[in-house]
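Hi,

Here is the structure I said I would pass on to you.

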Amino acid sequence: MTTLKAVRGTRDLLPPETALWNRIETTARAVFARYNFGEIRTPIFEDTSLFARGVGEETDIVSKEMFTWEDRARAQSEKPQMLTLRPENTAGVVRAYIEHKLGETGQLQKLFYIGPQFRRERPQKGRYRQFFQIGAEVIGPPSAGSESPLRDAEVLEMLASLLDELGITGWTLELNSVGSPADRARYNDTLRAALEPVKAKMCVDCQRRAETNPLRVLDCKVPADQPIIATLPVIADSLDDDSKTHFAAVTAALDAAGVPYTRNHRLVRGLDYYTRTTFEFTHGGLGAQNALLGGGRYDGLSEAIGGPKAPGIGFAMGEDRLVLTLLAQESNQNLTVKADAFIAPLGESLNAPALALARELRRAGLTIELGDGSFRLKKSFEAADKTARAIVILGEDELKSGILTVKTFATGVQTKVPRAELASSLANPAPE
Ligand code: AMP
(Lines give C-alpha, C1' and ligand atoms only; values in the text may rest on other atoms or scores of the structure.)
Protein backbone atom coordinates (compact mmCIF):
# COMPACT_ATOMS: atom_id res chain seq x y z
CA MET A 1 0.00 0.00 0.00
CA THR A 2 1.32 3.49 -0.75
CA THR A 3 1.91 5.46 2.41
CA LEU A 4 -0.24 8.53 2.79
CA LYS A 5 1.47 11.86 3.24
CA ALA A 6 0.35 15.41 3.96
CA VAL A 7 -0.91 16.93 0.70
CA ARG A 8 1.56 19.02 -1.36
CA GLY A 9 1.93 22.49 0.11
CA THR A 10 0.52 21.45 3.51
CA ARG A 11 2.53 20.31 6.50
CA ASP A 12 2.32 19.04 10.03
CA LEU A 13 3.53 21.32 12.77
CA LEU A 14 5.15 19.32 15.52
CA PRO A 15 6.65 19.94 18.97
CA PRO A 16 8.94 21.52 19.95
CA GLU A 17 8.37 24.00 17.07
CA THR A 18 4.69 24.35 17.98
CA ALA A 19 5.86 25.96 21.23
CA LEU A 20 7.21 28.80 19.09
CA TRP A 21 3.89 29.08 17.23
CA ASN A 22 2.11 29.33 20.56
CA ARG A 23 4.55 31.92 21.83
CA ILE A 24 3.95 34.05 18.73
CA GLU A 25 0.18 33.77 19.13
CA THR A 26 0.32 34.55 22.85
CA THR A 27 2.45 37.64 22.22
CA ALA A 28 0.17 38.78 19.38
CA ARG A 29 -2.92 38.35 21.58
CA ALA A 30 -1.30 40.36 24.36
CA VAL A 31 -0.34 43.18 21.99
CA PHE A 32 -3.81 43.23 20.37
CA ALA A 33 -5.36 43.44 23.84
CA ARG A 34 -3.27 46.51 24.68
CA TYR A 35 -4.63 48.26 21.58
CA ASN A 36 -8.14 47.15 22.53
CA PHE A 37 -8.76 44.73 19.67
CA GLY A 38 -11.26 41.86 20.05
CA GLU A 39 -10.98 38.46 18.37
CA ILE A 40 -13.13 37.42 15.41
CA ARG A 41 -13.35 33.86 14.06
CA THR A 42 -14.92 33.57 10.63
CA PRO A 43 -15.66 30.32 8.76
CA ILE A 44 -12.84 28.64 6.85
CA PHE A 45 -14.98 28.48 3.70
CA GLU A 46 -17.21 31.09 2.18
CA ASP A 47 -19.32 31.64 -0.91
CA THR A 48 -16.89 31.95 -3.84
CA SER A 49 -18.43 35.25 -4.94
CA LEU A 50 -17.23 36.91 -1.71
CA PHE A 51 -13.63 36.57 -2.89
CA ALA A 52 -14.43 37.24 -6.55
CA ARG A 53 -16.08 40.53 -5.57
CA GLY A 54 -13.97 41.36 -2.53
CA VAL A 55 -10.44 40.38 -3.53
CA GLY A 56 -10.91 40.98 -7.27
CA GLU A 57 -11.37 38.68 -10.29
CA GLU A 58 -8.13 39.87 -11.90
CA THR A 59 -5.89 39.06 -8.93
CA ASP A 60 -3.69 35.97 -9.01
CA ILE A 61 -5.41 34.78 -5.85
CA VAL A 62 -8.87 34.69 -7.40
CA SER A 63 -7.93 33.83 -10.97
CA LYS A 64 -5.44 31.03 -10.21
CA GLU A 65 -5.05 30.10 -6.58
CA MET A 66 -8.38 29.36 -4.93
CA PHE A 67 -9.53 25.96 -3.74
CA THR A 68 -13.09 26.04 -5.01
CA TRP A 69 -15.73 23.35 -5.30
CA GLU A 70 -19.35 22.98 -6.13
CA ASP A 71 -21.39 22.08 -3.09
CA ARG A 72 -24.14 19.53 -3.65
CA ALA A 73 -27.54 21.19 -4.02
CA ARG A 74 -29.79 20.60 -1.01
CA ALA A 75 -32.94 20.32 -3.13
CA GLN A 76 -33.37 19.65 -6.85
CA SER A 77 -34.81 23.09 -7.38
CA GLU A 78 -31.73 24.74 -5.87
CA LYS A 79 -28.65 25.72 -7.78
CA PRO A 80 -25.47 24.17 -6.38
CA GLN A 81 -23.45 26.70 -4.43
CA MET A 82 -19.82 27.45 -5.28
CA LEU A 83 -17.68 27.43 -2.14
CA THR A 84 -14.05 28.39 -1.58
CA LEU A 85 -11.52 27.79 1.18
CA ARG A 86 -10.64 31.29 2.32
CA PRO A 87 -7.44 32.53 0.64
CA GLU A 88 -7.32 35.49 3.05
CA ASN A 89 -9.45 36.76 5.90
CA THR A 90 -10.23 40.43 5.25
CA ALA A 91 -13.14 39.70 2.91
CA GLY A 92 -14.64 37.33 5.51
CA VAL A 93 -14.25 39.90 8.30
CA VAL A 94 -15.92 42.59 6.20
CA ARG A 95 -18.72 40.18 5.27
CA ALA A 96 -19.26 39.52 8.99
CA TYR A 97 -19.15 43.28 9.69
CA ILE A 98 -21.96 43.76 7.17
CA GLU A 99 -23.95 40.66 8.18
CA HIS A 100 -23.97 41.57 11.89
CA LYS A 101 -24.56 45.28 11.18
CA LEU A 102 -21.52 46.18 13.25
CA GLY A 103 -21.47 49.60 11.59
CA GLU A 104 -24.73 50.47 13.32
CA THR A 105 -22.94 50.62 16.64
CA GLY A 106 -21.34 53.83 15.37
CA GLN A 107 -18.05 52.61 16.85
CA LEU A 108 -14.83 51.64 15.17
CA GLN A 109 -14.56 47.86 15.05
CA LYS A 110 -11.08 46.65 15.94
CA LEU A 111 -10.92 42.94 15.19
CA PHE A 112 -8.07 40.44 15.03
CA TYR A 113 -7.94 36.88 13.78
CA ILE A 114 -5.51 33.97 13.80
CA GLY A 115 -6.04 31.06 11.47
CA PRO A 116 -5.26 29.03 8.36
CA GLN A 117 -5.65 30.39 4.82
CA PHE A 118 -5.47 28.43 1.57
CA ARG A 119 -3.92 29.28 -1.80
CA ARG A 120 -2.90 26.94 -4.59
CA GLU A 121 0.54 28.50 -4.99
CA ARG A 122 3.74 26.79 -6.06
CA PRO A 123 5.09 25.54 -2.73
CA GLN A 124 8.58 26.62 -1.67
CA LYS A 125 10.31 27.80 1.48
CA GLY A 126 7.98 30.29 3.15
CA ARG A 127 5.17 29.62 0.71
CA TYR A 128 2.60 26.93 1.39
CA ARG A 129 -0.88 26.01 0.21
CA GLN A 130 -2.17 26.00 3.76
CA PHE A 131 -0.53 28.77 5.76
CA PHE A 132 -1.40 30.73 8.85
CA GLN A 133 -2.13 34.40 9.13
CA ILE A 134 -2.39 36.64 12.15
CA GLY A 135 -4.26 39.71 11.07
CA ALA A 136 -6.34 42.61 12.23
CA GLU A 137 -8.82 45.09 10.79
CA VAL A 138 -9.95 48.54 11.92
CA ILE A 139 -13.24 49.30 10.19
CA GLY A 140 -16.25 51.50 10.81
CA PRO A 141 -18.48 54.25 9.51
CA PRO A 142 -16.66 57.46 8.49
CA SER A 143 -18.32 59.22 11.46
CA ALA A 144 -16.27 56.94 13.76
CA GLY A 145 -13.04 58.29 12.26
CA SER A 146 -12.33 55.20 10.17
CA GLU A 147 -10.78 57.24 7.36
CA SER A 148 -8.36 59.08 9.60
CA PRO A 149 -4.66 58.72 8.72
CA LEU A 150 -4.10 58.32 12.46
CA ARG A 151 -5.69 54.86 12.21
CA ASP A 152 -3.14 53.89 9.54
CA ALA A 153 -0.25 55.17 11.63
CA GLU A 154 -1.54 53.48 14.78
CA VAL A 155 -1.81 50.11 13.02
CA LEU A 156 1.73 50.48 11.65
CA GLU A 157 3.07 51.50 15.04
CA MET A 158 1.32 48.47 16.60
CA LEU A 159 2.98 46.20 14.03
CA ALA A 160 6.40 47.67 14.71
CA SER A 161 5.84 47.06 18.44
CA LEU A 162 4.58 43.53 17.86
CA LEU A 163 7.59 42.57 15.71
CA ASP A 164 9.92 44.08 18.32
CA GLU A 165 8.16 42.20 21.10
CA LEU A 166 8.37 38.94 19.14
CA GLY A 167 12.11 39.49 19.00
CA ILE A 168 12.21 39.91 15.22
CA THR A 169 15.03 42.29 14.44
CA GLY A 170 16.06 43.78 11.12
CA TRP A 171 12.63 44.30 9.55
CA THR A 172 11.90 47.02 7.01
CA LEU A 173 8.56 48.79 6.69
CA GLU A 174 7.88 49.58 3.03
CA LEU A 175 5.13 52.11 2.56
CA ASN A 176 3.20 53.53 -0.36
CA SER A 177 -0.11 55.09 -1.27
CA VAL A 178 -2.22 53.72 -4.11
CA GLY A 179 -4.59 56.67 -3.77
CA SER A 180 -8.34 56.84 -4.23
CA PRO A 181 -10.22 54.84 -6.89
CA ALA A 182 -10.14 57.98 -9.07
CA ASP A 183 -6.35 58.29 -8.60
CA ARG A 184 -5.96 54.65 -9.50
CA ALA A 185 -8.12 55.02 -12.59
CA ARG A 186 -5.94 57.96 -13.66
CA TYR A 187 -2.77 56.00 -12.92
CA ASN A 188 -4.13 52.98 -14.77
CA ASP A 189 -4.65 55.17 -17.84
CA THR A 190 -1.14 56.60 -17.51
CA LEU A 191 0.29 53.10 -17.13
CA ARG A 192 -1.73 51.73 -20.02
CA ALA A 193 -0.35 54.48 -22.26
CA ALA A 194 3.19 53.90 -21.01
CA LEU A 195 2.86 50.14 -21.54
CA GLU A 196 1.50 50.43 -25.07
CA PRO A 197 4.89 50.75 -26.84
CA VAL A 198 6.71 48.22 -24.58
CA LYS A 199 4.17 45.55 -23.63
CA ALA A 200 4.99 43.29 -26.61
CA LYS A 201 8.43 42.72 -25.00
CA MET A 202 6.88 41.61 -21.71
CA CYS A 203 5.61 38.26 -20.37
CA VAL A 204 2.19 37.01 -21.49
CA ASP A 205 0.65 37.79 -18.09
CA CYS A 206 1.82 41.39 -18.34
CA GLN A 207 0.53 41.67 -21.89
CA ARG A 208 -2.89 40.66 -20.60
CA ARG A 209 -2.63 42.89 -17.49
CA ALA A 210 -1.58 45.85 -19.64
CA GLU A 211 -5.08 45.65 -21.15
CA THR A 212 -7.22 44.59 -18.20
CA ASN A 213 -5.54 45.95 -15.05
CA PRO A 214 -2.21 47.70 -15.76
CA LEU A 215 -1.55 48.27 -12.04
CA ARG A 216 -0.99 44.53 -11.62
CA VAL A 217 2.00 44.77 -14.00
CA LEU A 218 3.91 46.19 -11.03
CA ASP A 219 3.46 42.84 -9.20
CA CYS A 220 5.23 40.96 -12.00
CA LYS A 221 8.15 38.86 -10.75
CA VAL A 222 9.55 37.84 -14.17
CA PRO A 223 13.21 39.04 -14.14
CA ALA A 224 13.26 40.02 -17.82
CA ASP A 225 10.34 42.42 -17.27
CA GLN A 226 11.94 44.31 -14.38
CA PRO A 227 14.02 46.79 -16.44
CA ILE A 228 10.85 47.79 -18.30
CA ILE A 229 8.84 48.08 -15.07
CA ALA A 230 11.57 50.31 -13.60
CA THR A 231 10.92 52.91 -16.32
CA LEU A 232 7.13 53.09 -15.79
CA PRO A 233 5.59 56.19 -14.19
CA VAL A 234 5.05 56.03 -10.40
CA ILE A 235 1.64 56.28 -8.75
CA ALA A 236 2.75 59.15 -6.48
CA ASP A 237 2.51 61.44 -9.53
CA SER A 238 -1.14 60.50 -10.09
CA LEU A 239 -2.37 61.15 -6.53
CA ASP A 240 -4.79 64.02 -5.97
CA ASP A 241 -4.34 66.54 -3.14
CA ASP A 242 -6.58 64.61 -0.69
CA SER A 243 -4.59 61.41 -1.15
CA LYS A 244 -1.30 63.28 -0.85
CA THR A 245 -2.45 65.00 2.35
CA HIS A 246 -3.68 61.70 3.81
CA PHE A 247 -0.36 60.02 3.09
CA ALA A 248 1.61 62.95 4.47
CA ALA A 249 -0.38 62.72 7.72
CA VAL A 250 0.40 58.99 8.00
CA THR A 251 4.13 59.56 7.58
CA ALA A 252 4.11 62.57 9.95
CA ALA A 253 2.52 60.42 12.70
CA LEU A 254 5.04 57.62 12.06
CA ASP A 255 7.89 60.13 12.29
CA ALA A 256 6.50 61.47 15.57
CA ALA A 257 6.26 57.94 16.99
CA GLY A 258 9.74 57.05 15.75
CA VAL A 259 8.66 54.20 13.48
CA PRO A 260 11.12 53.91 10.56
CA TYR A 261 9.84 53.26 7.02
CA THR A 262 10.93 53.53 3.41
CA ARG A 263 8.76 54.64 0.48
CA ASN A 264 8.35 51.91 -2.13
CA HIS A 265 6.66 53.31 -5.24
CA ARG A 266 6.13 49.84 -6.69
CA LEU A 267 4.17 48.54 -3.74
CA VAL A 268 0.66 48.05 -5.09
CA ARG A 269 -0.05 44.69 -3.38
CA GLY A 270 -1.74 41.67 -4.91
CA LEU A 271 -5.28 42.41 -3.80
CA ASP A 272 -7.56 44.78 -5.66
CA TYR A 273 -9.36 46.24 -2.67
CA TYR A 274 -6.58 48.49 -1.42
CA THR A 275 -6.96 52.28 -1.46
CA ARG A 276 -4.51 54.90 -0.19
CA THR A 277 -2.01 53.43 2.31
CA THR A 278 -0.42 50.11 1.40
CA PHE A 279 2.48 48.53 3.23
CA GLU A 280 4.67 45.50 3.69
CA PHE A 281 7.13 44.56 6.40
CA THR A 282 9.98 42.62 4.84
CA HIS A 283 12.89 40.70 6.31
CA GLY A 284 16.18 40.00 4.59
CA GLY A 285 16.56 36.57 6.20
CA LEU A 286 13.55 35.14 4.37
CA GLY A 287 15.04 34.89 0.87
CA ALA A 288 12.70 35.10 -2.12
CA GLN A 289 9.51 35.14 -0.04
CA ASN A 290 10.68 38.13 1.99
CA ALA A 291 7.33 39.62 3.07
CA LEU A 292 6.59 39.06 6.74
CA LEU A 293 3.26 40.77 6.42
CA GLY A 294 1.24 43.02 4.20
CA GLY A 295 -1.74 45.25 4.42
CA GLY A 296 -3.37 48.51 3.65
CA ARG A 297 -6.48 50.62 3.57
CA TYR A 298 -9.63 49.36 1.83
CA ASP A 299 -12.13 52.20 1.90
CA GLY A 300 -14.41 50.73 -0.79
CA LEU A 301 -14.38 47.04 0.13
CA SER A 302 -17.60 46.99 2.15
CA GLU A 303 -19.52 48.65 -0.65
CA ALA A 304 -17.95 46.30 -3.22
CA ILE A 305 -19.55 43.36 -1.43
CA GLY A 306 -22.92 45.02 -0.92
CA GLY A 307 -22.44 46.72 2.46
CA PRO A 308 -22.59 50.28 3.77
CA LYS A 309 -19.74 52.74 3.45
CA ALA A 310 -17.18 51.41 5.90
CA PRO A 311 -13.59 52.51 5.34
CA GLY A 312 -11.00 50.33 6.99
CA ILE A 313 -7.37 49.39 7.29
CA GLY A 314 -5.85 46.03 8.09
CA PHE A 315 -2.97 43.64 7.66
CA ALA A 316 -2.12 39.96 7.62
CA MET A 317 1.15 38.57 8.96
CA GLY A 318 2.42 35.29 7.61
CA GLU A 319 2.82 33.28 10.80
CA ASP A 320 4.82 30.60 8.96
CA ARG A 321 7.32 33.32 7.99
CA LEU A 322 7.50 34.72 11.52
CA VAL A 323 8.39 31.19 12.67
CA LEU A 324 11.04 30.81 9.93
CA THR A 325 12.58 34.14 10.90
CA LEU A 326 12.63 33.32 14.60
CA LEU A 327 13.97 29.79 14.05
CA ALA A 328 16.94 31.28 12.21
CA GLN A 329 17.86 33.29 15.30
CA GLU A 330 20.38 31.87 17.74
CA SER A 331 18.14 32.26 20.79
CA ASN A 332 15.53 29.90 19.34
CA GLN A 333 17.85 27.05 18.40
CA ASN A 334 16.86 24.95 21.37
CA LEU A 335 13.11 24.96 21.89
CA THR A 336 12.90 21.72 23.85
CA VAL A 337 11.71 22.38 27.38
CA LYS A 338 12.43 19.74 29.99
CA ALA A 339 9.88 18.55 32.54
CA ASP A 340 10.55 19.48 36.19
CA ALA A 341 10.80 15.83 37.17
CA PHE A 342 10.48 12.25 35.99
CA ILE A 343 8.88 9.85 38.46
CA ALA A 344 10.38 6.36 38.35
CA PRO A 345 8.25 3.73 40.11
CA LEU A 346 10.43 0.77 41.19
CA GLY A 347 8.22 -2.15 40.17
CA GLU A 348 4.77 -2.41 38.68
CA SER A 349 3.11 -2.46 42.11
CA LEU A 350 4.27 1.13 42.46
CA ASN A 351 2.64 2.37 39.25
CA ALA A 352 -0.60 3.36 40.98
CA PRO A 353 1.10 5.22 43.86
CA ALA A 354 3.32 6.90 41.25
CA LEU A 355 0.26 8.24 39.44
CA ALA A 356 -1.03 9.60 42.76
CA LEU A 357 2.32 11.32 43.36
CA ALA A 358 2.36 12.72 39.81
CA ARG A 359 -1.15 14.10 40.33
CA GLU A 360 -0.04 15.79 43.55
CA LEU A 361 2.97 17.44 41.87
CA ARG A 362 1.12 18.43 38.69
CA ARG A 363 -1.60 20.04 40.81
CA ALA A 364 1.16 22.06 42.44
CA GLY A 365 1.97 23.38 38.96
CA LEU A 366 4.94 21.18 38.04
CA THR A 367 5.53 19.50 34.71
CA ILE A 368 5.92 15.80 35.38
CA GLU A 369 6.86 12.80 33.25
CA LEU A 370 5.62 9.49 34.60
CA GLY A 371 7.79 6.42 34.02
CA ASP A 372 6.68 2.84 34.36
CA GLY A 373 7.37 0.16 36.97
CA SER A 374 8.35 -2.30 34.25
CA PHE A 375 11.42 -0.18 33.45
CA ARG A 376 14.77 -1.19 34.87
CA LEU A 377 16.34 1.62 36.89
CA LYS A 378 18.94 2.24 34.15
CA LYS A 379 16.22 2.73 31.54
CA SER A 380 14.35 5.08 33.90
CA PHE A 381 17.50 7.16 34.34
CA GLU A 382 18.09 7.31 30.59
CA ALA A 383 14.49 8.34 29.86
CA ALA A 384 14.53 10.86 32.72
CA ASP A 385 17.81 12.42 31.60
CA LYS A 386 16.34 13.06 28.12
CA THR A 387 13.01 14.49 29.22
CA ALA A 388 13.35 16.00 32.71
CA ARG A 389 15.59 18.06 34.95
CA ALA A 390 15.37 15.58 37.84
CA ILE A 391 14.36 12.02 38.66
CA VAL A 392 12.23 11.06 41.67
CA ILE A 393 12.58 7.44 42.70
CA LEU A 394 9.53 5.82 44.22
CA GLY A 395 10.17 2.40 45.80
CA GLU A 396 8.39 0.57 48.60
CA ASP A 397 10.65 2.21 51.20
CA GLU A 398 10.03 5.71 49.85
CA LEU A 399 6.30 5.07 49.75
CA LYS A 400 6.25 3.88 53.40
CA SER A 401 8.64 6.48 54.82
CA GLY A 402 7.35 9.42 52.73
CA ILE A 403 10.99 10.36 52.05
CA LEU A 404 11.82 10.38 48.33
CA THR A 405 15.13 10.08 46.54
CA VAL A 406 15.66 12.93 44.07
CA LYS A 407 18.56 13.31 41.67
CA THR A 408 19.04 16.60 39.83
CA PHE A 409 20.83 15.99 36.54
CA ALA A 410 22.50 19.37 36.12
CA THR A 411 24.39 19.03 39.41
CA GLY A 412 24.46 15.24 39.76
CA VAL A 413 23.39 15.75 43.39
CA GLN A 414 21.17 13.07 44.94
CA THR A 415 19.12 14.02 48.03
CA LYS A 416 16.34 12.72 50.24
CA VAL A 417 13.28 14.97 50.29
CA PRO A 418 10.15 14.61 52.47
CA ARG A 419 7.04 14.25 50.29
CA ALA A 420 5.50 17.45 51.71
CA GLU A 421 8.51 19.45 50.51
CA LEU A 422 8.92 17.71 47.18
CA ALA A 423 6.94 20.16 45.03
CA SER A 424 8.75 23.25 46.30
CA SER A 425 12.13 21.56 46.14
CA LEU A 426 11.56 20.50 42.50
CA ALA A 427 10.20 23.93 41.58
CA ASN A 428 13.27 25.67 43.05
CA PRO A 429 16.20 23.34 42.52
CA ALA A 430 19.29 24.13 44.56
CA PRO A 431 21.70 26.40 42.66
CA GLU A 432 24.45 24.62 40.73
P1 AMP B 1 -1.45 38.76 1.53
O2 AMP B 1 -2.73 38.23 2.15
O3 AMP B 1 -1.16 38.19 0.18
O4 AMP B 1 -1.34 40.23 1.64
O5 AMP B 1 -0.27 38.16 2.44
C6 AMP B 1 0.01 38.63 3.72
C7 AMP B 1 1.14 37.81 4.28
O8 AMP B 1 0.75 36.45 4.39
C9 AMP B 1 2.38 37.77 3.40
O10 AMP B 1 3.20 38.89 3.66
C11 AMP B 1 3.03 36.49 3.83
O12 AMP B 1 3.78 36.69 5.01
C13 AMP B 1 1.85 35.60 4.15
N14 AMP B 1 1.54 34.70 3.03
C15 AMP B 1 0.83 34.96 1.92
N16 AMP B 1 0.75 33.88 1.13
C17 AMP B 1 1.45 32.90 1.75
C18 AMP B 1 1.75 31.53 1.46
N19 AMP B 1 1.29 30.94 0.37
N20 AMP B 1 2.50 30.83 2.35
C21 AMP B 1 2.95 31.41 3.48
N22 AMP B 1 2.69 32.68 3.82
C23 AMP B 1 1.95 33.42 2.97
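Below is what I found when I went through it, topic by topic.

One thing to know at the start: this is a predicted model.

**Aromatic rings**

The structure has 7 aromatic pairs. Tryptophan 21 is buried, at 3% relative accessible area.

Another pair is made by tryptophan 171 and phenylalanine 281: the ring centres are 5.2 Å apart and the planes stand at 55°, so the pair counts as tilted. Here strand β7 (residues 171-177) holds tryptophan 171 and strand β9 (residues 275-283) holds phenylalanine 281, so parts 110 residues apart in sequence are tied together. Tryptophan 171 is buried with 14% relative accessibility, and phenylalanine 281 is buried with 0%.

You will also find an aromatic cluster formed by Phe32, Phe37, Phe112 and Phe315. Two rings have a charge over them: arginine 11 lies over the face of tyrosine 128, 3.9 Å from the ring centre, and the charged end of lysine 379 sits over phenylalanine 375, 4.3 Å from the centre of that ring.

How much of helix α4 is buried? Of its 10 residues (90-99), 8 are buried, among them Thr90, Val93, Arg95 and Tyr97. The cover over these buried residues includes β2, α2 (48-54), β5 (109-118), β6 and α10 (301-304). Just after α4, lysine 101 has a positive phi of about 50°.

Tyr97 turns up again among the residues that alanine 310 touches, which also include Ile139, Gly140, Tyr298 and Glu303. Alanine 310 is in the loop between α10 and β11 (312-318) and is buried, at 0% relative accessibility. From alanine 310 to glycine 300 it is 10 residues in sequence and 7.3 Å in space, C-alpha to C-alpha.

**Salt bridges**

Side chains of opposite charge can pair when their charged atoms come close. The count here is 23 salt bridges. One of them joins glutamate 165 to arginine 34, with the closest N and O atoms 2.9 Å apart. That pair links distant parts of the chain, as glutamate 165 is in helix α5 (residues 149-166) and arginine 34 in helix α1, 131 residues apart. Glutamate 165 is partly exposed at 41% relative accessibility, while arginine 34 is exposed at 53%.

Glutamate 39 and arginine 41 form a salt bridge too, at 3.0 Å between the closest N and O atoms; glutamate 39 is partly exposed (32%) and arginine 41 exposed (70%). In the salt bridge between glutamate 196 and lysine 199 the N to O distance is 3.2 Å. Is lysine 199 buried or exposed? With a relative accessible area of 15%, lysine 199 is buried, whereas glutamate 196 is partly exposed at 47%. There is also a network of salt bridges that links Asp60, Lys64, Asp205, Arg208 and Arg209.

**A patch on the surface**

Ile44, Phe45 and Trp69 make a nonpolar surface patch of about 260 Å². Of these, isoleucine 44 is in the loop between β1 (38-39) and β2 (45-47) and is partly exposed, with a relative accessible area of 34%.

Enjoy exploring it!

Best wishes

Key. Residues are numbered from 1 along each chain as its sequence is written. This is a predicted model: local features need pLDDT of at least 70, side-chain atom pairs count only at pLDDT 80 or more; totals for chains, interfaces and linings use all residues. Side-chain values use heavy atoms; hydrogens and water are left out. Rings of Phe, Tyr and Trp (its six-membered ring) pair if their centres lie within 6.5 Å; planes under 30 degrees apart count as stacked, over 60 as edge-to-face and the rest as tilted. Buried means under 20% relative accessible area, exposed over 50%, partly exposed in between (1.4 Å probe, protein chains only). Helices (H or I, at least four residues) and strands (E, at least two) are DSSP runs, numbered from the N terminus. A charge sits over a ring if NZ of Lys or CZ of Arg is within 6 Å of the ring centre and within 35 degrees of the ring normal. Patches are made of residues with over 30% relative accessible area and no salt bridge: like charges are joined within 9 Å, nonpolar side chains (Val, Leu, Ile, Met, Phe, Trp, Tyr) within 5 Å. Accessible areas come from the Shrake-Rupley method with a 1.4 Å probe; for residues, only the protein chains shown count as cover. A salt bridge is a side-chain nitrogen of Lys or Arg within 4 Å of a carboxyl oxygen of Asp or Glu. Contact means heavy atoms within 4.5 Å. Lists of a residue's contacts leave out its neighbours within four places in sequence.
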